[in-house]
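Have the sequence and the 3D view open as you read.

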Amino acid sequence: METNKMKKIILALAVLAAVVCPVFAGESWIGVTTGPAFEMSNSDDYKDQIGESFVTDFNWDVNVEGAYYFNEAETMGIGAKLGFGFNFGTTFDNDLPVKMDNPAAGTRIAPAVTFQYRLGLTDALDLRMGAGLQYVYTICNGTEGMPSDIDIYMHNLEVVANADVAYSFGSFQVFGGIDLGVSVMCYQGVKAGGHSEGDFITDGFQMSVTPRVGVSYAF
């Protein structure tokens, strides 16, 4: 009788361990990051529009992101991110009677999908790296001296990469690193009075650099 009870207890503990251990041992994570984004653009199209070919925009990014590791070693996985960017400055300026803000500046929404790699440096320290594609939709800042119903918008497709160092406190991590993005396709449009028109920016170069910090929870 005592032996049967002991077997039942051992079996119950084994089942409990099988259920609970993945929760504590899992390295997949979800978190929030933030940091300043420096976006550098160089285009002859910009020179025709605003009189300058090289412009740097200063944005502040806030992202909800995470990664799910699907191999047994929990090193290879897929990541997802939804970012929001808010412009707070630009190097662009002009003396035109009608002042138009830099077409690359504005409020941005940016979802991304990446492949992720995790390297355990120590029991508490990880290196997280990833690369993938990001779509950026930008609602540009308003203009001075132009009708308020005119909106300038942009669609960007970017190749992005990230590298972060994460330190774990149990199931929680704090981490810091850098994001890089290079635009591979850019469409700029203008919407006014219910009518919209635009064109692809086919020349030039656009790159963003974003140092950031974040917190995450492993599951």
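Which residues lie nearest the centre of the largest cavity? In this predicted model, they are Asp-61, Lys-81, Arg-108, Gln-134 and Thr-210, out of 20 residues that line the cavity.

**The largest cavity**

- The space in this cavity comes to about 200 Å³.
- Its lining draws at least two residues from each of strand 2 (54-69), strand 3 (76-90), strand 4 (106-120), strand 5 (125-140), strand 6 (150-169), strand 7 (172-192) and strand 9 (205-218).
- Strand 3 gives the largest share of that lining, with four residues.
- By residue type, the lining of the largest cavity splits into seven nonpolar, seven polar and six charged residues.

**The second largest cavity**

- Here the volume is about 140 Å³.
- The lining has 15 residues, and Glu-65, Lys-81, Thr-114, Gln-116 and Asn-162 are the closest to the centre of this second largest cavity.
- Strand 2, strand 3, strand 4 and strand 6 are the elements that each give two or more residues to this lining.
- Which strand supplies the largest share of the lining of the second largest cavity? That is strand 4, with four residues.
- The lining of the second largest cavity consists of six nonpolar, five polar and four charged residues.

**The largest pocket**

- The largest pocket has a volume of about 180 Å³.
- To find its middle, look for Ser-183, Asp-203, Gly-204, Phe-205 and Gln-206, which are the closest to its centre among the 15 residues that line the pocket.
- Strand 1 (29-42), strand 7 and strand 9 are the elements that give two or more residues to the lining of this pocket.
- Strand 7 provides the largest share of the pocket lining, namely five residues.
- How many residues of the pocket lining are charged? There is one, alongside seven nonpolar and seven polar residues.

Notes: Residues numbered from 1 in each chain as written. Predicted model: local features only at pLDDT ≥ 70, side-chain atom pairs only at ≥ 80, totals over all residues. Heavy atoms only, no water. 1 Å grid on protein atoms, 1.4 Å probe; cavity = no way out; pocket = protein on both sides within 12 Å on 5 of 7 lines; lining within 4 Å. Points joined across faces, edges and corners; volume = space filled by probe spheres on them. Nonpolar A, V, L, I, M, F, W, Y, C, P; charged D, E, K, R; others polar.
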